[in-house]
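Here's a quick briefing for anyone meeting this structure for the first time. Take a look at it, then read on.

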Amino acid sequence: MSEGNYSLASEILYQGHAPKGQDYGSPAAFPLFATTSFTMNSLTQVRQAYQEGFTYVRTNNPNRESLEEMVSYLEKGEKSLVCSSGMGAITSTLLALVRPGDHILCNCYLYGETYDVMTQLLREFGVESSLVGFDDLDAVAAAVRPNTKLLYTEVCANPTMNLADIPALAELAHKNNALLMVDNTFTTAVSIRPLQMGADIVISSMTKFMNGFSNAIGGSITACAQLIDTIKPIQKLCGTPGDPFDAWTIANNLQTVDLRVKKQMKNAAQLADALEQNPHVAKVNHPSLKSFPQHELALRLFAGPEEMTGMMSFIVPEQPERIEQFMGRLHFARYAVTLGGIHTTLNHPVTSSHRHMPDENRRKMGITPGMFRLSVGIEDPGDLIRDFYQALEVFGE
Ligand SMILES: Cc1ncc(COP(=O)(O)O)c(C=O)c1O
């Protein structure tokens with residue numbers, strides 16, 4: 001993706017590099033402001049600091065500001081907030097924007113803990129919520145209520161990769177005076193920018209692809225200035241601003257987001273294609289595949305088959321012992337409950353994210369005990385394909 005005169009790959013190296021609070025010109029790397037507060041010598045300075053400077057770490061910090069600038073650039077939004085986690089981004093935004101009596105209409109394909117926020121936490125505070133498959137736009141339109149304040153979806157859902165038609169959902173939300181809030185964690189702004197497609201708020205768990213090195217936790221919220229100025233005071237009261245060290249770590253790693261995520265998306269498309277041809281694999285879910293039910297929508301939403309997402313899932317025979325052997329035989333991919341890192345990792349939804357769901361309901365969603373979710377890393381794609389092929393041979397022995 002490129003815009004203006006320069007490409008994302010170049011511009012991201014130069015965003016956010018002039019934080020306030022340091023007097024030594026422009027260091028080549030981000031300085032870390034591991035300080036809880038900034039000291040002052042006069043009440044004039046104190047007044048100035050309250051207006052536009054730094055006072056206390058939960059209110060403002062130069063490392064968070066640098067990262068916020070980078071995220072606003074990536075997502076093409078007016079302003080961003082950096083939070084302590086993806087969940088911090090979600091809960092701070094919702095607590096700021098909804099009130100008892102309001103209704104939130106959610107995609108039923110949701111990250112498990114977002115689902116808990118929508119269906120348990122918010123309901124305890126008098127906020128109504130309902131869930132419907134956002135792949136059926138007529139069903140979404142029928143589920144909107146007069147008090148619907150917000151439509152909530154992920155671009156690409158876990159683990160089936162179901163896509164949400166962001167431009168159509170934005171139109172539907174606005175026709176009903178509601179906001180569209182989108183979770184861009186599985187895709188990132190390298191692949192898609194929901195704000196440019198009409199969404200009002202985009203959030204991400206930066207713990208995943210944005211950071212990419214599996215060594216920090218963070219979340220982001222990006223929107224117009226008016227919405228961010230409404231959310232920021234609530235974020236401060238909830239104590240969800242990100243800490244300087246994680247903001248610094250993520251800012252460093254975010255400089256390579258274009259290199260990493262482009263490679264991960266390309267690797268995922270190549271691996272998905274290879275796995276689909278393997279005789280022991282019953283099904284592969286990746287939007288780049290012609291067999292993917294929403295392939296046409298994928299081609300409309302993304303720039304091309306190799307620029308969609310680094311996430312995918314596939315189904316092997318339901319043979320528990322062989323599944324254990326398959327995992328043990330893999331040289332590269334290890335089991336991990338996180339995703340988006342430079343190493344390829346896998347996850348078994350029936351044992352983890354969907355373990356509490358009745359088997360019948362899971363199967364209706366296409367999630368069987370033979371399903372693995374993959375987060376594809378930056379390894380050589382030929383090596384990854386060879387490794388999966390040799391491990392899959394256990395199903396033929
Ligand atoms: C799609 C999605 N959204 C939000 C989150 C929450 O992010 P965090 O763990 O950084 O709070 C996750 C975590 O896995 C996720 O997968």
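Across the domain boundary, 26 residues of domain 1 are in contact with 33 residues of domain 2, where contact means C-beta atoms, placed from the backbone, within 7 Å. Bear in mind that this is a predicted model: local features need pLDDT of at least 70, side-chain atom pairs count only at pLDDT 80 or more, and totals for chains, interfaces and linings use all residues. Residues are numbered from 1 along each chain as its sequence is written.

**The two domains**
- On the side of domain 1 that touches domain 2, you'll find 13 nonpolar, 10 polar and 3 charged residues (nonpolar: Ala, Val, Leu, Ile, Met, Phe, Trp, Tyr, Cys and Pro; charged: Asp, Glu, Lys and Arg; polar: the others, Gly among them).
- Domain 1 covers 2–254 and domain 2 covers 258–396, with bounds from an automatic or database domain assignment.
- Their C-alpha centres sit 27 Å apart.

**Lys 208**
- UniProt, in an unreviewed entry, puts "modified residue: N6-(pyridoxal phosphate)lysine" at Lys 208; such annotations may be inferred rather than shown by experiment, feature names are shortened, and positions follow the numbering used here.
- Lys 208 is in the loop between strand 8 (201–205) and strand 9 (219–223); strands are DSSP runs (E, at least two residues), numbered from the N terminus.
- Lys 208 counts as buried because it has 22 C-beta neighbours inside 10 Å (buried takes 20 or more other C-beta atoms within 10 Å, with C-beta atoms placed from the backbone).
- Leaving aside neighbours within four places in sequence, Lys 208 is in contact with Thr 185, Thr 338, Leu 339 and Gly 340.

Notes:
Helix = DSSP H or I, 4+ residues; strand = E, 2+ residues; numbered from the N terminus. Buried ≥ 20, exposed ≤ 12 C-beta atoms within 10 Å, placed from the backbone. Contact = placed C-beta atoms within 7 Å.
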